[in-house]
Amino acid sequence: MKIVSRLVEDVPGSRLAWESEEGSDIDTAGVIEFEDAPPGRGTYVRFLMSYDPPGGAIGRGIAKLLQREPTVQARRDLRRFKQLLETGEVSVNASPSARKSETPTEARI
Amino acid sequence: MRAVTWHGRHDVRVDTVPDPEIVNPRDAIIRITSTAICGSDLHLYDGYIPGMRAGDILGHENMGEVVEVGPKSTLKKGQKVVIPFTISCGECFFCQKQQFSACDNSNPSETSDASEVLMGHAMGAAFGYAHLTGGYAGGQAEYLRVPYSDVGPIVIPDGIEDDQVLFLSDILPTGWMAAENAMIEPGDTVAVWGCGPVGLFAIQSAFIMGAHRVIAIDHYPTRLELAKQLGADILDYNEVDVRAALNEMTGGIGPDAVIDCVGMESHGMAIDNVLDTVKAHTFLGTERPHALRQAILACRKGGRVSIPGVYGGFADKFPLGQMMEKGLTVKSGQTHVQKYSKQLLDMILEGKINTTFLVSHHAGLEDAPDMYRHWHDDQNEYTKIVLKPGLEKGEVETLREFAHEPA
């Protein structure tokens, strides 16, 4: 699957927006906004995205089941982003278990 | 390495699993020297906590020796450390407010989703306690990976026995915070439900904080005897009507503060508890809050309710009107362990808190399945079990003699 996006707006420190180019497999557009939270509360990061899911509502449902739906992915990525900025690393529960399929360096879901 | 693993309700095994590895820069690996079985491990054993997966390594009361450190860990190899059960980043809004158990970053994004749906917000992470709280492996094993090792671990000076400091990991600060949440004032009478390890530490803490009288409620003679040794008055709920007794002992007013150290699996043949048990076994409910109901009804008007006991979800027949009409203040929460570490370590070293009187058994990892069974079935004889990976199979040390008569 191929998506080519073009940055259409770049306001330093506050806003980034993009749109997919003609010929991309999925039509999508998105915007990320940064805004000061109340004093001592950091920065609010807001992410808005639209896309035409392949296969419509059914395709979206299947993607959600496989945890590959953009709402799920975006929510998790935003959390990872926050973790990285606040702690210097992305939290991961990687550790041993008695499940043969897992290694001690992989995330356990 | 060998590790104690959960495979389902009442199915705990010892398996050979891969050793943990350093994954993130702030990680450390410790070689476990002592790891206790907690009362809240029984909620996992009984299948009351959602989000466990077969094969998960148990254990959240851990200590040991640092054997490996990531580039950003502040620990040094060879140090003896106690590991708080709460995994906390130290940097987020909540950690900065010293609400460490509410850490916003420690629960990985893959697992925090589910807790956000259930609780309204993502829960902080803990060792060995289900995937709602991060799915991190526990320390009932030979080795443990400790994330954010520059924030949590408590470095212990040389020459201190494990049993003296091990409970800094959970039950000592939990009992301490329970008493703090009871906001004790001079002259207060404090009633404590449950004389397990947390209840016993809550009793000690309440006296240190100035309680005039502590009344302890349980039904196991040994546990009541331990409470009595700490200076508490005791009530065996099989012998007396607890609420009538509490009223009588307080001139009809009721205790100024009540502390529920029982949590979601109350014992006893009370009608509400029998009904809750039926519901729990038919997947219609997750809580058996009999002790909490009784505590709320027993508490004096305008009094304080402290809840260190673990609850998992939605409770039925909760005395909300009683709470409101009597004007009670409720404080609760998983323990902000790191907030209390230094203060409590100093108190142990100065001999102001007794941390070893409740330990009844030492055993090796290989005996863990037996120990879980005893911890569940023989609560009069087993008041606290510490697993020591250094002990051989069958090398079980019994440290206490027991009262079998009513205390």
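**Exercise 1: a pair of helices**

In chain B, α8(B) passes α10(B) in a right-handed crossing. Keep in mind that this is a predicted model.

Task: work out how α8(B) and α10(B) are oriented to each other, and find the residues that meet.

Solution. 
- Step 1. Find the helices: α8 spans residues 242–249 of chain B, and α10 spans residues 290–298 of chain B.
- Step 2. Get the geometry: they pack at an angle of about 30°, and their axes are 10 Å apart.
- Step 3. Apply the cut-off: angles under 35 degrees count as roughly parallel, and α8(B) and α10(B) are therefore roughly parallel to each other.
- Step 4. Look at the contact: α8(B) brings B:Val242, B:Arg243 and B:Leu246, while α10(B) brings B:Gln294, B:Leu297 and B:Ala298.
- Step 5. Sort by class: the contact of α8(B) with α10(B) has four nonpolar residues, one polar and one charged.

**Exercise 2: a covered helix**

Task: say how many residues of α5(B) are buried, and what they pack against.

Solution. 
- Step 1. Among the buried ones are B:Ile171, B:Gly175, B:Trp176 and B:Asn181.
- Step 2. The buried residues of α5(B) pack against strands β5, β14, β15 and β16 and against helices α6 and α12, in chain B.

**Exercise 3: a second pair**

Task: are α5(B) and α12(B) roughly parallel or roughly perpendicular?

Solution. 
- Step 1. The axes of α5(B) and α12(B) cross at roughly 105° and come within 10 Å.
- Step 2. The range 65 to 115 degrees counts as roughly perpendicular, and α5(B) and α12(B) are therefore roughly perpendicular to each other.
- Step 3. Residues in this contact include B:Leu172, B:Trp176 and B:Glu180 of α5(B), plus B:Lys339, B:Tyr340 and B:Gln343 of α12(B).
- Step 4. By class, the contact of α5(B) with α12(B) has nine nonpolar, one polar and two charged residues.

**Exercise 4: annotated spans**

Task: which residues of chain B does UniProt list for "domain: Alcohol dehydrogenase-like N-terminal"?

Solution. 
- Step 1. The unreviewed UniProt entry lists residues 25–153 of chain B.
- Step 2. That span is 17% helix and 26% strand, with end C-alpha atoms 15 Å apart.
- Step 3. The UniProt annotation "domain: Alcohol dehydrogenase-like C-terminal" (unreviewed entry) covers residues 197–274 of chain B.
- Step 4. Residues 197–274 of chain B are 42% helix and 18% strand, and their end C-alpha atoms are 25 Å apart.

Notes: Residues are numbered from 1 along each chain as its sequence is written. Chains are lettered from A and ligands numbered from 1 in the order in which they are written. This is a predicted model: local features need pLDDT of at least 70, side-chain atom pairs count only at pLDDT 80 or more; totals for chains, interfaces and linings use all residues. Side-chain values use heavy atoms; hydrogens and water are left out. Axes are lines fitted to C-alpha atoms, for helices over the stretch in contact, and angles run from 0 to 180 degrees between N-to-C directions. Helices (H or I, at least four residues) and strands (E, at least two) are DSSP runs, numbered from the N terminus. Angles under 35 degrees count as roughly parallel, over 145 as roughly antiparallel, 65 to 115 as roughly perpendicular and the rest as oblique. A crossing is left-handed if the near helix is turned anticlockwise from the far one by less than a right angle, and right-handed if clockwise. Contact means heavy atoms within 4.5 Å. Ala, Val, Leu, Ile, Met, Phe, Trp, Tyr, Cys and Pro count as nonpolar, Asp, Glu, Lys and Arg as charged, and the others, Gly among them, as polar. UniProt positions are given in the numbering used here, feature names are shortened, and annotations may be inferred rather than shown by experiment. Buried means under 20% relative accessible area, exposed over 50%, partly exposed in between (1.4 Å probe, protein chains only).
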